[in-house]
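Please examine the arrangement of the chains shown below, beginning with the place where they meet.

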Number of protein chains: 2
Amino acid sequence: MNENKEFVKDLTDMEVDFAKWYTDIILKAELVDYAPVKGFMVIRPYGYALWENIQAVLDKKFKETGHKNAYFPLLIPESLLNKEKEHVEGFAPEVAWVTQGGENPLNERLCIRPTSETIICTMYAKWVKTHKDLPVLLNQWANVVRWEKTTRPFLRTSEFLWQEGHTLHATAQEAQEETLKIHQLYADFCKEYLAMPVIMGQKSEKEKFAGAEATYTVEALMHDGKALQSATSHYFGNHFAKAFDIKFQDKDGKMQYCYQTSWGISTRIIGGIIMTHGDNRGLKLPPRIAPTQVVIVPIAQHKEGVLEKVAELEQKLKVHFRVESDTRKECSPGYKFNDWELRGVPVRIEIGPKDIENQECILFRRDTLEKEKVSLDELEKRVATLLEEIQENMYHMAEENMKKHTYVAKSLEEYTQIFDEKQGYVKMMWCGCRECEDKIKELTSSTIRCIPFEEEKLDTKCAICGKEAKHMVYTARQY
Amino acid sequence: MNENKEFVKDLTDMEVDFAKWYTDIILKAELVDYAPVKGFMVIRPYGYALWENIQAVLDKKFKETGHKNAYFPLLIPESLLNKEKEHVEGFAPEVAWVTQGGENPLNERLCIRPTSETIICTMYAKWVKTHKDLPVLLNQWANVVRWEKTTRPFLRTSEFLWQEGHTLHATAQEAQEETLKIHQLYADFCKEYLAMPVIMGQKSEKEKFAGAEATYTVEALMHDGKALQSATSHYFGNHFAKAFDIKFQDKDGKMQYCYQTSWGISTRIIGGIIMTHGDNRGLKLPPRIAPTQVVIVPIAQHKEGVLEKVAELEQKLKVHFRVESDTRKECSPGYKFNDWELRGVPVRIEIGPKDIENQECILFRRDTLEKEKVSLDELEKRVATLLEEIQENMYHMAEENMKKHTYVAKSLEEYTQIFDEKQGYVKMMWCGCRECEDKIKELTSSTIRCIPFEEEKLDTKCAICGKEAKHMVYTARQY
């Protein structure tokens, strides 16, 4: 027990300093490290394994819905970036520029893609000729660079990994349907795999993607009551098609502009997982995406038969689960317990000579910290149900947290008071004007996270200016 | 038949112009397209699916041999690149430089990684402390940029995709073993999955990787008799460890430098697949990595029951194979046959009203262009064995080609005469000196591909200078 404390004290309590808690976890659990260039991160094997599991699930879902993967170049000529006015205004200030290739200065600067609309549109204009070529449903897994001033690993980094889907359609309706289909896919993924409850909705004009007609967002609430934009889907109308001349011949032989979408989720979501579920012992990973679902820790491993039993169990469980055994000689069981709790492994199996004699072992669950005894005959079955229970319980714990941190404001006074004292979602009525949006940001640093699909009629008037309300919105301070 | 010719004539014959044949195939089979920036490529869905299949197999093999994936930053400060002298001399002339981030010029130029030794070594120096931290066995799937003057899609492009493994070991012997283990893994992969026979061996001093102590290469011979370096594994000794100060405390408490390896295979291998197997009808893909293994083409698809049968077969075969049905109304069966031959799909199923009546269908194999009738009851079983037969036969066809294009030279005269008339591997004895190596390049544009593991004693004297021979080598003109 002493040892436990010894070890855990290295982790800052989240109630004391949430930012420090976050940094402690990502470094100590070896998810990530700082790179030699400011703002860049190294994703270490444990963090990357999380990303691989996320990729595997999403890639399957994208393919099941008819999308194929492709790869477009890293570098984009400045002239292409400049083609869509709103887009370049949004991105130009934060791109990295390549000005020299090999021994020679370049005639035209190339930017490292901050996102790939402009390069992909250029190719689409070349590929699409008739309605038979539509829809085009492509996705790309790639790295992008955005020169950020304030960075934090996973949450905001100058380089990050993501997927970006880019689709072309014959009609506005089809493109809108695609945007919403993927929006739903992201929300389902967050709920079912990451155990993250989310709010689905549309971004305000101010907050939407540079160049989009509409942006839909999946918003999650972190443990400290701040919101995280977790995945976005954009409907472009035919803005980009017009700028890049992406036309097709319709069934009547007439030339038409295509309608377009793009959508993405990034390594940022790993920050979301950490801050949704983690506690003062460290990470807490949802079983469905945990790199290790079960860790086996031997007790008195020097005793005869213990390590053999551990190896036997690992072999048996490996068929169904992602399992590891921790047989390090130089560490005590207590040290190992802490280590794997820090790493957020959902289930721990403890087994020693006594347990083996009784044909049983102890199961420890990371979400509630509870222990139970289970007969070795029942082990596989119990681990399977336990992982499901943990997955579900983690969702409910996160949902509880979200509910606890959701408030209603009916006046500016109420609104500012909430953010003076608390962190969380605030539901309020909004007139729809930019002035009110700017005002809450100025006064409280909070922003409109989204106009949710499920609006409640809290009032008839805007909470900020008192004019007629158009929408209910969720606001929050954000990452 | 007419239609066949109509279609195929668009493809340049490889005997007429091999380079044009290659370009025709990659563009018409929609593997790739040219990007707006010279030397960069867009990998289209069909080409990317090939890469995904390659990735899936290799990734599994790397993990089975204890390696884990991680991700290191895209951008490397100039000062880091400069740390290992030979390495920077090799790479500096071909890197792209970022000089501006957002609105501001950078204090120090950053290069886009041409390979990641320098950034990874920097992190390893931070992570490794004692012998317990060793070995470190990491791999990265990433894009890299090398500013090439002459480019050709897949074979040599300014940006390409690859994997780069980077490992650290306590002893030279362990690192050497790792290098050779991966070298063997690559060779097995090429043989078993890509149906490519390869020569395994060591690069000469002149041809080895910049900064390596030894480079091992897997060399394949293309249809035109030119060689392609397909995958390389490097043993670094402790050169990089010394430059980057990667030290560990050994069991006796003494500080030691680590020994290191790196190894990689890239999208270049796709060019190798095309040029090893393709013919004048187009691509020919090895079944184990073909994105589509079986295509079903209906005959008289407007007739009752045909499309239903096609759908039924697709459902049944999909459980075991990667299958597609081509039910395009606007194309004739003949057009479709050519289209899928061009795309290199190993097996085609043809089925029409008559076949359905007889409970049979026709199987066409892309490798030999032969057809056979098979009962629908036997279909799954026959497709499975046929795919295996094709995989094996493609290997043998490629091996035959390699044998046919392998020559022996015992004098400079014989040597130059071979390259005046032919293309292929030349086996010869070599004294080991740089002068002879430079001479054959100057006279014939051929280079030493490798010193093979299995040397034959062709003679006692160097074929070029007549001095005492040290090694037998394979030489060739190369991609």
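In this predicted model, 42 residues of chain A are in contact with 41 residues of chain B. The side of chain A that touches chain B draws at least two residues from each of several elements, including strand S2 (41-43), helix H3 (45-64), helix H6 (117-127), strand S7 (136-145) and strand S8 (159-169) of chain A. Strand S5 (96-101) of chain A also belongs to that list, and S5(A) gives the most to this side, with 6 residues. Classified by residue type, the side of chain A that touches chain B consists of 28 nonpolar, 7 polar and 7 charged residues.

S5(A) and strand S5 (residues 96-101) of chain B pair in the antiparallel sense over 5 bridges. Within this pairing, Gln100(A) stands opposite Trp97(B) in S5(B).

Of its 11 residues, 8 are buried, so H6(A) is largely enclosed by the rest of the structure. The buried residues are Glu117(A), Thr118(A), Ile119(A), Ile120(A), Cys121(A), Thr122(A), Met123(A) and Tyr124(A).

Attention now turns to the domains. The assignment for chain A gives domain 1 (13-277), domain 2 (294-386) and domain 3 (406-476). The C-alpha centres of domain 2 and domain 3 of chain A lie 49 Å apart.

An open sheet of 5 strands in chain A has the order S16-S15-S17-S18-S19, with mixed pairing. Strand S16 (323-325) and strand S19 (371-375) of chain A stand at the edges with a single partner strand each, so one side of each is left without a neighbour in the sheet. On average, neighbouring strands of this sheet are turned by 25° against each other, direction ignored. Strand S15 (residues 294-298) and strand S17 (residues 347-351) of chain A pair in the parallel sense over 5 bridges, and Ile296(A) stands opposite Ile349(A) in S17(A).

Helices pack on this sheet. Helix H10 (residues 306-318) of chain A touches S15, S16 and S17 of chain A, and its direction makes about 170° with that of S15(A). Helix H13 (residues 379-404) of chain A lies across S15, S17, strand S18 (360-365) and S19 of chain A, and runs at about 10° to S18(A).

Strand S23 (residues 471-476) of chain B is mostly covered, with 5 of its 6 residues buried. Strand S21 (residues 425-430) of chain B pairs with S23(B) in the antiparallel sense over 5 bridges, and the bridge partner of Val426(B) in S23(B) is Thr475(B). Strand S22 (residues 447-452) of chain B also runs antiparallel to S23(B), joined to it by 3 bridges. There, Cys450(B) stands opposite Tyr474(B) in S23(B).

Terms used: Residues are numbered from 1 along each chain as its sequence is written. Chains are lettered from A and ligands numbered from 1 in the order in which they are written. This is a predicted model: local features need pLDDT of at least 70, side-chain atom pairs count only at pLDDT 80 or more; totals for chains, interfaces and linings use all residues. Two strands pair if DSSP finds at least two bridges between them. Helices (H or I, at least four residues) and strands (E, at least two) are DSSP runs, numbered from the N terminus. Axes are lines fitted to C-alpha atoms, for helices over the stretch in contact, and angles run from 0 to 180 degrees between N-to-C directions. Two residues are in contact if their C-beta atoms, placed from the backbone, lie within 7 Å. Ala, Val, Leu, Ile, Met, Phe, Trp, Tyr, Cys and Pro count as nonpolar, Asp, Glu, Lys and Arg as charged, and the others, Gly among them, as polar. Domain bounds come from an automatic or database domain assignment. A residue is buried if 20 or more other C-beta atoms lie within 10 Å of its own, exposed if 12 or fewer, and partly exposed in between; C-beta atoms are placed from the backbone.
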